[in-house]
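Opening the notebook on this one. I want to look up the aromatic rings, the nonpolar core, a helix face and the charged pairs.

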Amino acid sequence: MEKDRIVRVNDNLKKEIAFFIQNSSLRDNCGFLSINHVDTSRDLSGAKVFFSTINSQLSNKDLQKFLNENSWKIRKGLAGILPLKKVPELRFIYDDHIDNVRKIDDLIAVSYTHLRAHETDSYLVCRLLLE
């Protein structure tokens with residue numbers, strides 16, 4: 001039962017944090033911000049908030065620092081919205097998972113192009129298997 005509650009709290013925090021940031025003055029520095037995942041501790045004392053962004057004025061490190069410095073504003077805003085006695089302390093972490101996926105996609109595209117460029121009869125079978 002406790003695990004189900006944490007999952008619900010994580011989902012609720014994810015939704016409300018994204019909504020709060022997009023509708024507050026913090027939005028100007030964040031660009032398009034996506035809250036990818038929230039991992040709350042069992043005792044609800046803290047939560048890691050994983051985010052990614054597009055078109056931000058700040059670098060990823062600077063944006064992470066900015067969000068962590070302003071996490072108290074977000075907590076204060078969430079205190080009136082969430083049905084929790086105490087809103088967990090928020091720690092923002094840039095989620096580089098999407099960047100890693102893009103790098104892998106680029107490597108696969110380069111490998112595939114390289115394979116087609118050096119295509120001979122022996123590679124023809126490999127090409128047909130890939131397609």
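**Aromatic rings**

I looked up Phe51 and Phe92 to begin with, and both are buried (under 20% relative accessible area with a 1.4 Å probe, protein chains only; over 50% is exposed, and in between is partly exposed). Ground rules for my notes: this is a predicted model, where local features need pLDDT of at least 70 and side-chain atom pairs count only at pLDDT 80 or more, while totals for chains, interfaces and linings use all residues. Residues are numbered from 1 along each chain as its sequence is written, and side-chain values use heavy atoms, with hydrogens and water left out.

Next I ran the ring search, taking rings of Phe, Tyr and Trp (its six-membered ring) as a pair if their centres lie within 6.5 Å; planes under 30 degrees apart are stacked, over 60 edge-to-face, the rest tilted. I got 2 aromatic pairs. Phe51 and Phe92 sit 6.3 Å centre to centre with 70° between the planes, which is edge-to-face. Phe51 is in strand E2 (residues 46-54) and Phe92 in strand E3 (residues 89-94), so this pair ties together parts 41 residues apart in sequence. My helices (H or I, at least four residues) and strands (E, at least two) are DSSP runs, numbered from the N terminus.

Phe51 and Tyr94 have ring centres 5.7 Å apart and planes at 75°, so I logged that pair as edge-to-face too. Tyr94 counts as buried at 16% relative accessibility, and Phe51 comes out at 0%. I noted Phe51, Phe92 and Tyr94 as one aromatic cluster.

**Core**

I then searched for nonpolar cores, meaning buried Ala, Val, Leu, Ile, Met, Phe, Trp, Tyr and Cys residues joined through side-chain atoms within 4.5 Å. The largest has 26 residues, and those with the most contacts inside it include Ile17, Leu67 and Phe92. H1 gives the largest share of this core, 6 residues. Setting aside neighbours within four places in sequence, I found Leu67 in contact (heavy atoms within 4.5 Å) with Ile21, Cys30, Leu33, Phe51 and Phe92.

**Helix H4**

Which residues are buried in H4? I found Ser71, Ile74 and Leu78, in a helix covering residues 71-79. Down the axis of H4 they fall within an arc of 60°, so they line one face; the arc is taken over directions from the helix axis to the C-beta atoms.

**Charges**

I found 1 salt bridge in the whole structure, using a side-chain nitrogen of Lys or Arg within 4 Å of a carboxyl oxygen of Asp or Glu. Glu16 and Lys15 make it at 3.8 Å, N to O. Glu16 is buried at 13%, whereas Lys15 is exposed at 52%.
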